[in-house]
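Please read them with the structure open.

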Amino acid sequence: MQRLQDKVALVTGAGRGLGWGIARALGRQGAKVCLTDIDSGELVRAQADLTADGSQAMVHVLDVADRQAFAQVVAATVAAWGRLDILVHNAIFMPLVLFDDMPPELWQRQIDVSLGGLYNGVHAVWEIMKAQGGGHIMGIASGSSVRGYKEEVAYCTAKHAQEGFIKALALEAAPFRIALNSIGPGRTIKPTRITWHELDALPAAQKADWADPVALGEAFVWLAAQEPAAYSGLRFDAGPIIDTIATEGFDFAFAPHKVTLYVDDFMVRQQWQANYPD
């Protein structure tokens, strides 16, 4: 059974790494997938991988910081396939730079891609998802969503801000059956900066330390298959989800410790939403 049959997904930053894995996992479960990336060469490889899986895929070169361009890609996706059910904003720009060495332009570019890209994507799909009766929007979380790290001032700022955006907009999106979530890998993954060419040249022993992004993508499939009203506004982690699926099956009995590394935060968010006045 393909759990996302007849669904349409758009994944940013899908040329390699986690975004590539998410796109493949969604496609293998029946979704038609639009892959976007700023690197056209890596998109060619990613599209070939999805096609080899038997998935329907299109590609668009996209700078997610460009709001008009994002809207055009969304419009092209809907024109081709009639709807858009799933948006995964995975694209990131993450140079490791001390604050002393960071010019304002570099700061702004990181914010524009990470937080701005999420806003631009939501802005582009908002009326479409409202009109069709719902959808799922997912941002990528990490430890930097809740902690600080040296050389990651802009990255941590944007990841923290994504959480606030998702928490707040989930409340407004609820009447439209639009779910907003963040979901972290919950595993050690290949560093974003490593290209396909560099990855292919690395020794197998080094690559063995990194989780399979397609396997992690199954967690995104699980979340996209849930009713939008069920878990909107919450932060998930792919590692615990795929472990739970492996032991209990796809339709496991839900509990916070089965789906996130941050159980206390998860439960606080649930309580806040439950008590929020209409």
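1. Basis of the notes. This is a predicted model, in which local features need pLDDT of at least 70 and side-chain atom pairs count only at pLDDT 80 or more, while totals for chains, interfaces and linings use all residues. Residues are numbered from 1 along each chain as its sequence is written, and side-chain values use heavy atoms, with hydrogens and water left out.

2. Helices α4 and α5. Helix α4 (residues 104–132) and α5 pack with their axes 8 Å apart, at an angle of about 20°; helices (H or I, at least four residues) and strands (E, at least two) are DSSP runs, numbered from the N terminus, and axes are lines fitted to C-alpha atoms, for helices over the stretch in contact, with angles running from 0 to 180 degrees between N-to-C directions. The two helices α4 and α5 are therefore roughly parallel to each other, given that angles under 35 degrees count as roughly parallel, over 145 as roughly antiparallel, 65 to 115 as roughly perpendicular and the rest as oblique. Their crossing is right-handed, a term for the near helix being turned clockwise from the far one by less than a right angle, with anticlockwise giving left-handed. By class, the contact of α4 with α5 has 16 nonpolar residues, four polar and one charged; here Ala, Val, Leu, Ile, Met, Phe, Trp, Tyr, Cys and Pro count as nonpolar, Asp, Glu, Lys and Arg as charged, and the others, Gly among them, as polar.

3. Helices α5 and α11. Helix α5 (residues 153–173) also packs with helix α11 (residues 263–275), at an angle of about 30° and with the axes 11 Å apart. That makes α5 roughly parallel to α11, and α5 passes α11 in a right-handed crossing. On the α5 side the residues are Glu-163, Lys-167, Ala-170 and Leu-171, which meet Arg-269, Trp-272 and Gln-273 in α11. The contact of α5 with α11 is made up of three nonpolar, one polar and three charged residues.

4. Helices α1 and α8. What is the angle at which the axes of α1 and α8 cross? The axes of helix α1 (residues 17–28) and α8 cross at roughly 60° and come within 7 Å, and α1 and α8 are therefore oblique to each other. This crossing of α1 and α8 is right-handed. The contact includes Trp-20, Ile-22 and Leu-26 of α1, together with Leu-216, Phe-220 and Val-221 of α8. Its residues divide into 10 nonpolar, three polar and three charged.

5. Helix α10. The buried residues of helix α10 (residues 238–248) are Ala-238, Gly-239, Pro-240, Ile-241, Ile-242, Thr-244 and Ile-245, where buried means under 20% relative accessible area, exposed over 50% and partly exposed in between (1.4 Å probe, protein chains only). These buried residues of α10 pack against β6 (178–184), α8 (213–224) and β7 (235–237). Just after α10, Gly-249 takes a positive phi of about 95°.

6. Backbone angles worth a look. Most residues other than glycine have a negative phi. Asp-6, however, has a positive phi near 75°; Asp-6 is found in the segment before β1 (8–11) and is exposed, with a relative accessible area of 53%. Not counting residues up to four places away in sequence, Asp-6 touches Gly-30, Arg-83 and Asp-85. Glu-151, which is not a glycine either, has a positive phi of about 65°; Glu-151 lies in the loop between β5 (135–140) and α5 and is partly exposed, with a relative accessible area of 34%.

7. Cysteines. How many disulfides are there? The count comes to zero, with a disulfide taken as a pair of cysteine sulfur atoms within 2.5 Å. Cys-34 is buried, at a relative accessible area of 0%, and Cys-156 is buried too, at 7%.

8. Ala-76. This residue is placed in helix α3 (residues 67–81) and counts as partly exposed at 28% relative accessibility. Leaving aside neighbours within four places in sequence, Ala-76 is in contact with Met-58 and His-60. The C-alpha atoms of Ala-76 and Met-58 are separated by 10.0 Å, and the two residues are 18 residues apart along the chain.

How values were computed
Contact = heavy atoms within 4.5 Å.
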